[in-house]
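Please look at the sequence and the three-dimensional structure that follow. The paragraphs below then lead through selected parts, chain by chain.

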Amino acid sequence: MGSIQLQDVRKSFGNIDVIPGASLKIEDGEFVVFVGPSGCGKSTLLRLIAGLEDVTGGHILIDGVDVVDTPPAKRGLSMVFQSYALYPHMSVRGNIAFGLKMARMPKAEIDRKVNEAAGVLNLTSYLERKPRELSGGQRQRVAIGRAIVREPKAFLFDEPLSNLDAALRVNMRLEIARLQKELGTTAVYVTHDQVEAMTMADRIVVLHAGRIEQFGSPLELYERPANLFVAGFIGSPRMNFVEGPDAERLGARTIGVRPEHITVSRSGDGWKGMVSVAEHLGSDTFLYVEVPGIGTLTVRTPGELGLREGDTAVLTPDPARIHRFDANGQAIAS
Amino acid sequence: MGSIQLQDVRKSFGNIDVIPGASLKIEDGEFVVFVGPSGCGKSTLLRLIAGLEDVTGGHILIDGVDVVDTPPAKRGLSMVFQSYALYPHMSVRGNIAFGLKMARMPKAEIDRKVNEAAGVLNLTSYLERKPRELSGGQRQRVAIGRAIVREPKAFLFDEPLSNLDAALRVNMRLEIARLQKELGTTAVYVTHDQVEAMTMADRIVVLHAGRIEQFGSPLELYERPANLFVAGFIGSPRMNFVEGPDAERLGARTIGVRPEHITVSRSGDGWKGMVSVAEHLGSDTFLYVEVPGIGTLTVRTPGELGLREGDTAVLTPDPARIHRFDANGQAIAS
Amino acid sequence: MATRQTHMLGRILIAPSVLLLFIWMIVPLVMTIYFSVLHYDLLNPGVHDFIGFENYYYFLTDPAFLASLKNTLVLVGSVLIITVVLGTLVALLMDQPVIGRNFVRLMVIAPFFVMPTVSALVWKNLLMHPVSGFFAWIATSLGFRPIDWFAQAPLFSIILIVAWQWLPFATLILLTALQSLDEEQKEAAEMDGAHAFSTFFYITLPHLARPITVVILIETIFLLSVFAEIFVTTGGGPGLQTTNIAFLIYSQALIQYDVGGASAGGLVAVVIANIVAIILVRLVGKNLET
Amino acid sequence: QTTLTIATVNNGDMVRMQGLTDDFTKKNPDINVKWVTLEENVLRQRVTTDIATKGGQFDVLTIGTYEIPIWAKQSWLVPLDKLPADYDVNDILPKIRAAVSYKDTLYAAPFYGESSMTMYRKDLFEKAGLTMPEQPTWDFIFDAAKKITDKSTETYGICLRGKAGWGENMAFLTAMSNSYGARWFDEKWQPQFNTPEWKATLTDYVKVMKEAGPPGASSNGFNENLALFDAGKCGIWIDATVAASFISDPKQSKVADKVGFAPAPTKGLGKTAAWLWAWNLAIPAGSKKVDAAEKFIAWATSKDYLKLVADKEGWANVPPGTRTSLYNNPEYQKAAPFAAQTLQAINSADPDHPTVKPVPYTGVQYAAIPEFQGIGTTVGQQFSAALSGSKSVDAALEAAQASTEREMKRSGYPK
Amino acid sequence: MARKRTTTRIVVSTVSAWVVGFIFFFPILWMILTSFKTELDAFSIPPKFLFFHWTTENYATVQERSNYVHHALNSVILAGGSTLIALLIAVPAAYAMAFSPTKRTRGTLMWMLSTKMMPPVGVLVPIYLLFRDFNLLDSRIGLIAVLCLGNLPIVIWMLFTYFKEIPKDILEAARMDGATIGKEMVYILMPMAVPGIASTLLLNVILAWNEAFWTLNLTTSTAAPLTVFIASYSSPEGLFWAKLSAASTLAIAPILIIGWFSQKQLVRGLTFGAVK
Ligand SMILES: Nc1ncnc2c1ncn2[C@@H]1O[C@H](COP(=O)(O)OP(=O)(O)OP(=O)(O)O)[C@@H](O)[C@H]1O
Ligand SMILES: Nc1ncnc2c1ncn2[C@@H]1O[C@H](COP(=O)(O)OP(=O)(O)OP(=O)(O)O)[C@@H](O)[C@H]1O
Ligand SMILES: [Mg+2]
Ligand SMILES: [Mg+2]
């Protein structure tokens, strides 16, 4: 009831090619997450699907029907805007109810739905406020509420949780996932949060400068990144890349090891270096270790470790977890 | 050169008490992070310090001077707004340069500073664009640029990195920290990102419904949360709370164990339960385990584990890492 | 948002107004062009000889033409400057917290309520009259010689009256525009260390650029055809000092009843108005976009 | 049921007539009357456009003596030859009757008529030791004006029209020039502003106004001067005879009991500066309600109407200047001390021979040709410039001559 | 935003605003005062401010002489009708030009304004002839059409400016919520642009109210609005300041009331906090 297909979709603003050509098929009921660096074209792609921008070329099919000439209101999608775009003259209730009102839903049902959504979003006591009397996170939740009360063919979420605190974010994440599964609605979700991307997505699209670098399940991306860009982008802290003899030994131009796949010891075999920075997160510690001839490597160690800045550390990568890339940055299948 | 002191600062909007009374002393050159649930008053507190809102009561001292009657322009602070508040009619360059122009800095120096900041912020190729031609993250970076080019008494950052991707966020985080240390400027920083809070802060203020729950160094908060709220708020996934006989046995009403301080095994001694959800992040796995009589406990295990949803798991908390709380939710010193 | 559908739709939405205005423009225009090449004297309606461009020739070579062109431009220019500058200042003032703001605003807008003829009569006789006017009384009370407004500074007097009438227009448009200025932008500027003055120049004024443009263009159109004020106060005199193009055409049409001449004059006025508008658009038109 | 739409000018007499309409509709129950009362200039442009384009909006028009010959010539007016016998056409003052006739046919019925005369302040004359002669000369007037003037008390010797316009300053100046022997056109329609007569006229006018006139004179018209006179700021005022009733009305005038009247001045060439004007009612050609309109006109300009007004509002308020019988009425003479002067002034004006030399046009203070309004206004502007001092007399005359020649040539004169 | 202004600042701005307001208003105040004077007092020097013989005689005269209510009603119908119709036509056009501008938008705007460049007297005869032929002389319909078309460019221009201020994200959001173009205008655009629409309405009602050329030339009595009423008071023979003042006061009274009510709509726009 809501498959979305992009066929060589292109978009330029003036002479800036923002999306040089993207093809993609999102299955009905699937939860797809778009990730990519800031400015890579995620919002643009979402807006193209929504119909808020014209494609410069290519086709967009919803349920197999070409919609490039269908106005947004008729595409049957709902969207959370990165900029919220709340209706300033309406109360929170009015904002959330607007889409339902447009669909001529009976008053009582609207009320029920709005109250339900407000409950989920922790907005119940703010229902009568105007957007300007809300905090940033509350505004964002109203924007989410507006999208989820409806039963569209697909949800489009543009960084919907960026202004929420961790606890709420976890809750909202679970709520959105639950809702999406329950309704079986397709969802396209833009986020910068690795945890969100990894936990919510059925499949992740990695975008880079308007190009799709990889499209696959979260674990696929984590475990088998298609190229250097994806490898570096997925995972936090990012993968360490090592070039030179160490890489050549393994038949690659570059090898990559994730910080969590390196064991640290005070002595032994491996890359020797000096701890330059130690970031303590409580649960983990991130060590930035200067290894002569290689550069700074990041290591993640669980809990608090005795190592301090200035100490010497020996790093041993887990050999089974080393990624290899060729001269073009493409992964070499192991 | 930039200590900030709040003395029983209160703020209400109409009859809503948003800040019922907050006292705090931020030392000169310190990096203080405000965290707290969405809508708890972080932005409001920042705006009070900035002078963009009037205090309802209490005093704000900057460098020991009471500034409640000083207009924002004279307080010598710079700020990144949660909503960016860019000047729509000015180019990116104009936006960033504005504060410097106001300070009558020579043209050449302004240019140098702006170019430098743009380089740091990855905005160099966007300098001549207007804000409306930028992506969300790019706009946010302009807002940061506007604040950091100046040399104010203190920086006020309101969720400055919320719309940036992980890699950029790490970069920016390091840049901001470096800059702040270099200039020795006091910084007040609002964030929802645990990593940011833990890594950047000299001290963290935990806010809850406008009240300061705890003010201390990151590790202090992680290791010795003052009460249930702080314990639950700091750390992600959040701490597990257990009540009943298990707690009483340790002389507490409630005990708390962080997900990362629980060991999972397939059999043995400990809480027995069934894995209801397993979230795979690649680097870690979060297990949600239903323990009869206690509820759902979250466990974080490194890497990929053989356990799947529906499997039985035995959870053993690290006894040295158990937090105890009394009936009022206050921590019991161990 | 600029999508094909919205463009399509845009065309449909603009269509009614374009169509109506087109008819409203073209029918009289064609008739006017036709009349302008006829010898058409309303008092002698039987005779409609084709005389080519004679009407234009007479209108353009009228010794009053150049003088009135100059007067028109001076009048329009001065009133524009006065209304835009003062209008901005007054709008800013009205935007401040003022006790009894509604009432003050109403007082400021009120001059626009008065019909041009009436306001001209009131100014001429009750205020500016050199013997029994209010200004004369003030001047005499202060020991000065009253100014003989319409003899010593006739055009200036007209400018004063017209500016008084049109200031509320500028004020109201600019005031409304000020209301939509995002408060956070001003806050950001304040944080950037901008004081009231710089905030005005760098934030408020650019925000007002478009409304100011609109004020300028709309007012220009109206000011080019100011005539009741002149007719009532000076009758275009003394000499040609207050004759403007509109008054000249008026006297062709409704004093001489020379329809042909008035049509030619009207078309000349359209050309002049267009030239003025094009120049203005060159100067300020970029503010209309974005 | 017929509805008459009547266009009138907004002066006191006409407005009074409006108030008395009931009397007419009572007598003619099948006729309704709708009034359109407009200011003089608006009325003129309104009525002219309508009649020239055959808009048919009005059934009865109020027009001035200027329009009558022009419009009658165009056959725009219905001749009034079917007026009832008791209307007594012969009672109409002969000069007025001539003015409302074209080729000896009556095309409009005069509602009220006026000329111009000299009005002055007896008290000021007395103070200055002056007596107004039976027939003042311009020299006397100039001299007296200078003597009376006392700028410290804002007393100005003479108030004359200065505001540009064919019916404003040009009405006065044309009449004045007539007494100086000047004319607008010679028999070949050549404009005459380059003659010494015009130069003398304008020079004297500007000179006396500079020496003894009020400030702001170049924008003063009838009303402004009336206000000045009423406020006691003027010693002498030469203007329409209707002004007499206003300045002797204590409700309006501070000097009501101190005013004297004399004929318009002369230069000793046999003509005075008296003009002739009347507001008249006429029926546009093509009207479908001619009968009703005629009935109305007959009612409004009848002797009975005069009596009706007298009964209701007193004799002082009847519309003056149209009927001989009125001036023979002792009650009127008593109520209107200026009656004799008015009558004399009207009788002294001669539209057919306005000035000393022969002219090709009719009209005293105007030339009854269609072009006159435009020419008069243009010339009026030049003369007001001369008055305000922004132009010299010579330059003003030169410009007037040039523009008039141009306009006449364009209109194809001599015809 | 939520900073209290210091008392001094309020006092300063209040005082200066009142002074400015008073200066602006003075001629009208003077006119209103004059309307209560006798003709003689109206012209007296030194001027009489409050201590003169107050009289309502002028109003009585005006009332007696002309059918004020008839004219006022016509004014309301003409000004209101023409402005409302113009608004109905203009809102879609301004919306389209503000939110989906094309290369021709600026040209179209200029062209619309240029339809007002012909001085009315220049086309009086053509229009009069047309009106005569279509039997529209002295009809309200005809005048409403003329005033409406005359106002239309101004209405479009003003609405265009105000619409431009509205962040288009918000309209896009409405579109995503399934609002049709009409609903988008009614529920989102218009409420957000209320101050702009109110001032557009107010200014155009005034322009139509005071329009004195067409209303004078195309009406006689049935459709004659207050301009015609005023034309019977300006400059007759004799003193008329007080009566003219009374008539004018009556003529601006209704619009003053309209102005007062639209004041309330001129409140601050609402976009603050809706987008970032
Ligand atoms: N103008 C206002 N009127 C009424 N209440 C307001 C107003 N502005 C903010 N609030 C309320 O004050 C509380 C604190 O707002 P604030 O913006 O400081 O929250 P915050 O901690 O920054 O939240 P977030 O993380 O969501 O940005 C919120 O509950 C909000 O609803
Ligand atoms: N109107 C415009 N004109 C020109 N360039 C634009 C315009 N809108 C967006 N861009 C550019 O297009 C690129 C993609 O923008 P988009 O908003 O899709 O990025 P994004 O992936 O959503 O980034 P972010 O994560 O920062 O929100 C950016 O580089 C941006 O500068
Ligand atoms: Mg984006
Ligand atoms: Mg906030």
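A residue is called buried if its relative accessible area is under 20%, exposed if over 50%, and partly exposed in between, with a 1.4 Å probe and protein chains only. This is a predicted model, in which local features need pLDDT of at least 70 and side-chain atom pairs count only at pLDDT 80 or more, while totals for chains, interfaces and linings use all residues. Residues are numbered from 1 along each chain as its sequence is written, chains are lettered from A and ligands numbered from 1 in the order in which they are written, and side-chain values use heavy atoms, with hydrogens and water left out.

Helices (H or I, at least four residues) and strands (E, at least two) are DSSP runs, numbered from the N terminus. Two strands pair if DSSP finds at least two bridges between them. Strand β1 (residues 2-9) of chain D runs parallel to β2(D), and eight bridges join the two. Within this pairing, D:T2 stands opposite D:I31. Strand β2 (residues 31-38) of chain D is mostly covered, with six of its eight residues buried.

Aromatic rings come next. Rings of Phe, Tyr and Trp (its six-membered ring) pair if their centres lie within 6.5 Å; planes under 30 degrees apart count as stacked, over 60 as edge-to-face and the rest as tilted. Over all chains, a search of the whole structure finds 80 aromatic pairs. One of them is formed by D:W138 and D:F172, with 6.3 Å from centre to centre and 85° between the planes, an edge-to-face arrangement. This pair links distant parts of the chain, 34 residues apart: D:W138 lies in helix α7 (residues 138-148) of chain D and D:F172 in helix α8 (residues 169-179) of chain D. Are these two residues, D:W138 and D:F172, buried or exposed? Both D:W138 and D:F172 are buried. The rings of D:W277 and D:W279 have planes at 90° and centres 5.6 Å apart, so this pair is edge-to-face. D:W277 and D:W279 are likewise buried.

B:S43 belongs to helix α1 (residues 42-50) of chain B and B:Q82 to the loop between β6 (77-80) and α3 (92-102) of chain B, so the pair ties together parts that are 39 residues apart in sequence.

Strand β9 (residues 203-208) of chain B pairs with β10(B) in the antiparallel sense over five bridges, and B:L207 has B:I212 in β10(B) as its bridge partner.

A:A85, which is not a glycine, has a positive phi of about 50°. A:A85 lies in the loop between β6 (77-80) and α3 (92-102) of chain A and is buried, with a relative accessible area of 0%. D:K54, also a residue other than glycine, has a positive phi near 55°. D:K54 is placed in the loop between α3 (40-52) and β3 (60-64) of chain D and is exposed, with a relative accessible area of 58%.
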